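Dear colleague,

Here is the structure I promised to pass on. My notes on it follow below.

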Amino acid sequence: MMVQAVEKTNYLAEFQKRKSRDAFSALRQAAMAAFGELGFPTRDHEDWKYTNVEPIAASLFQLNAPAADPIALQKLEIGNPQWHRLVFVNGVLSKELSSTENLPAGVKVESLAGAIQSDSIIVEEYLSKIADYRVDAFTALNTAFIHDGAFVFIPKNVILAKPVHLMFVSHSWEGGIVSQPRNLLVAGEGSSATIVESYVTPEDHAYFTNSVTEIVLGKNAQMDYYKDQKESVNAFHVGSCAVRQEKASRFYSTSISLGAKLSRSNLVIDLQDEGVECDLKGIYFVTGTQHVDHHLFVDHKKPRGTSRQLYKGILDGHATGAFSGKILIHKDAQKTDAEQINKNLLLSASAKVDTKPQLEIFADDVKATHGAAIGQLDEDEIFYLKSRGMGEETARALLTFGFASELVEKVKLDPIRWELDRIFWTRLQEVPGT
Amino acid sequence: MLEIRNLHVSVNDVEILKGINLKIKAGEIHAIMGPNGSGKSTLTKVLAGHPAFVVTKGEVLYEGKNLLPLAPEDRAREGIFLAFQYPVEIPGVNNAYFLRAALNEIRAHKGLEEFDAVDFLEFLKEKLKVVDMDPSFINRPVNVGFSGGEKKRNEILQMAVLEPKLAILDETDSGLDIDALRVVSEGVNKLKRPDRAILLVTHYQRLLNYIIPDHVHVLVGGKIVRSGLKDLAFQLEEKGYDWVRG
């Protein structure tokens, strides 16, 4: 295809120029080759049936993004002052905007570029071992350009009280940039941490974020992981998160997708040992001509694992969405308890969503359920609220809030929950006469 | 207060009400009794303005004005209240917020000052006593996880808060055990006022042991086949609906 040829050439040419010399040169080389083989996926690819990435493939993004402009960034609210924080601008760490004082002994919250030098043993042990670039073009592209991103290491038995905020800012005067942060989060045995990964911009430009986050949870470790995607409504966002869970570890994630013209969030959980638990929640709220796609793979390999998925979507205007979630239960994974729920609310006749739950079970003593729903606001419910004196808009806003609340009220981290509450209440307050 | 003249109503092109005539004055309690499928619920829904019910003929005057062109929310703001047979659950929205939002819309319509959260809470606590409801209910999402009886109680609480001129109660007795029926009925009786009319719709006579109507009408096949005073209800209970079908 013509489009593919142009864009692959762009990335290849830039790749040839870079020639970084470190322990990962061979990895980058192999990943670039894999990207060349795979190419950008088309809708013929089963995993990309509902999302057309041709607008990404057809754009000539600028691979050498400009450095941060402090004036433009003033517009941006830089995180929560109570949290540890790393801020990346166009994929590169900004030391000035970051704040990592008073970390407990042994805890590392730093740039991957630095860690490749200073913590090469840990980085080499895990980098690119969890996210598989051989099967996904976007992961391959990210891997070929591994340079910077967040590196977080929590030593054995350390309980990190304050959340770690990883903030990815896209910024330029004209747009058209690509940033490809690569993150590695390693939680040692028995440790506990909360990580917030957010994607923001002070402008409404078109740009492309292609991020990959790899997470390793040691034996009995716990992580609360939040992904807060608030890209520009003209941006493209492909974010992949791959998680490896060791024995009795617990992974609780909440994914929030509000921004981007086109977003795709991949989440792959490798429940590779016994008694692990994961709870994956997601909420998406899109309008206009936004497209939002969530793609989950929960891979139960050993006995007594528990997985929960609850994703809820609200689509207005001409927005489109997709959800696909696969639960695979291997032969050895007896006593697995897996559940998946995806519910969608369409607020307009033009909004559309495709949902595809998948269960593959090879063990005989398991509990696995899935359910998917797509609906509109119920006329009888609207009538009930109107009969109490509320106008059409108030009634619709209140019921929409109600739909979201099942998930929002379970968000543990207060500032995130408050923000979601605010987003839905603001919508409610915008209604005249409320 | 309410005058219904030769009202014909269809749902999905099927005629359900076939010429209803009814006059209700302020301060009166009217009961409409009828077997299943007689059109009782349709009458309550059409008065409240449900869009699925189409008036094909006739008129409804409320306080001397044509009610039918008004949207449901405007009818509510003008003082019409429908207690639902099946109240709707609204997850995530607590009862107090819901009631304050509704009352403030009605107050704004009347040109009254809106209640702030603190004043409203005081006001609401008084109203809870009408239906003997535990204050914990005001922080729970509207009707979510409520038992049948609690939902019906909550409807009457809404009526107490919104202070309608015309209250229409659709099968408020259905699904209630004898204790809940007594509490709900007492609540309605407390809300009886000279400037308020109440229209009760029920299948059974037992509700009328607690709430004594001034007039009883029997609805069969979309028409009022008999009207009378409260003893009509006892006769019906004794003889069954076949007696009036005749």
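Phe88(A) is buried, at a relative accessible area of 0%; buried stands for under 20% relative accessible area, exposed for over 50% and partly exposed for anything in between, with a 1.4 Å probe and protein chains only. Phe168(A) is buried as well, with 5%.

Some ground rules. This is a predicted model, in which local features need pLDDT of at least 70 and side-chain atom pairs count only at pLDDT 80 or more, while totals for chains, interfaces and linings use all residues. Residues are numbered from 1 along each chain as its sequence is written, chains are lettered from A and ligands numbered from 1 in the order in which they are written, and side-chain values use heavy atoms, without hydrogens and water.

Aromatic pairs

Over all chains, the whole structure holds 22 aromatic pairs. Rings of Phe, Tyr and Trp (its six-membered ring) pair if their centres lie within 6.5 Å; planes under 30 degrees apart are stacked, over 60 edge-to-face, and the rest tilted. Tyr11(A) and Phe145(A) make an edge-to-face pair, with 6.3 Å between centres and 65 degrees between planes. Tyr11(A) is in helix α1 (residues 2-18) of chain A and Phe145(A) in the loop between α7 (137-144) and β4 (150-154) of chain A, so this pair ties together parts 134 residues apart in sequence. Helices (H or I, at least four residues) and strands (E, at least two) are DSSP runs, numbered from the N terminus. Both Tyr11(A) and Phe145(A) are buried.

Phe88(A) and Phe168(A) form a stacked pair, 5.1 Å centre to centre and 15 degrees between the planes. Phe88(A) belongs to strand β1 (residues 84-89) of chain A and Phe168(A) to strand β5 (residues 164-169) of chain A, so parts 80 residues apart in sequence are tied together.

Ring pairs also link a cluster whose members include Tyr11(A), Trp48(A), Phe145(A) and Phe236(A). Arg264(A) lies over the face of Trp48(A), 3.7 Å from the ring centre; the criterion is NZ of Lys or CZ of Arg within 6 Å of the ring centre and within 35 degrees of the ring normal.

A sheet in chain B

Chain B has an open sheet of six strands with mixed pairing, in the order β6-β9-β10-β3-β11-β12. Strands β6 (80-83) and β12 (223-228) of chain B are at the edges with a single partner strand each, so one side of each lacks a neighbour in the sheet. Two strands pair if DSSP finds at least two bridges between them. Strands β9 (residues 166-170) and β10 (residues 197-202) of chain B pair in the parallel sense over five bridges, and Ile168(B) stands opposite Leu199(B) in β10(B).

Regards
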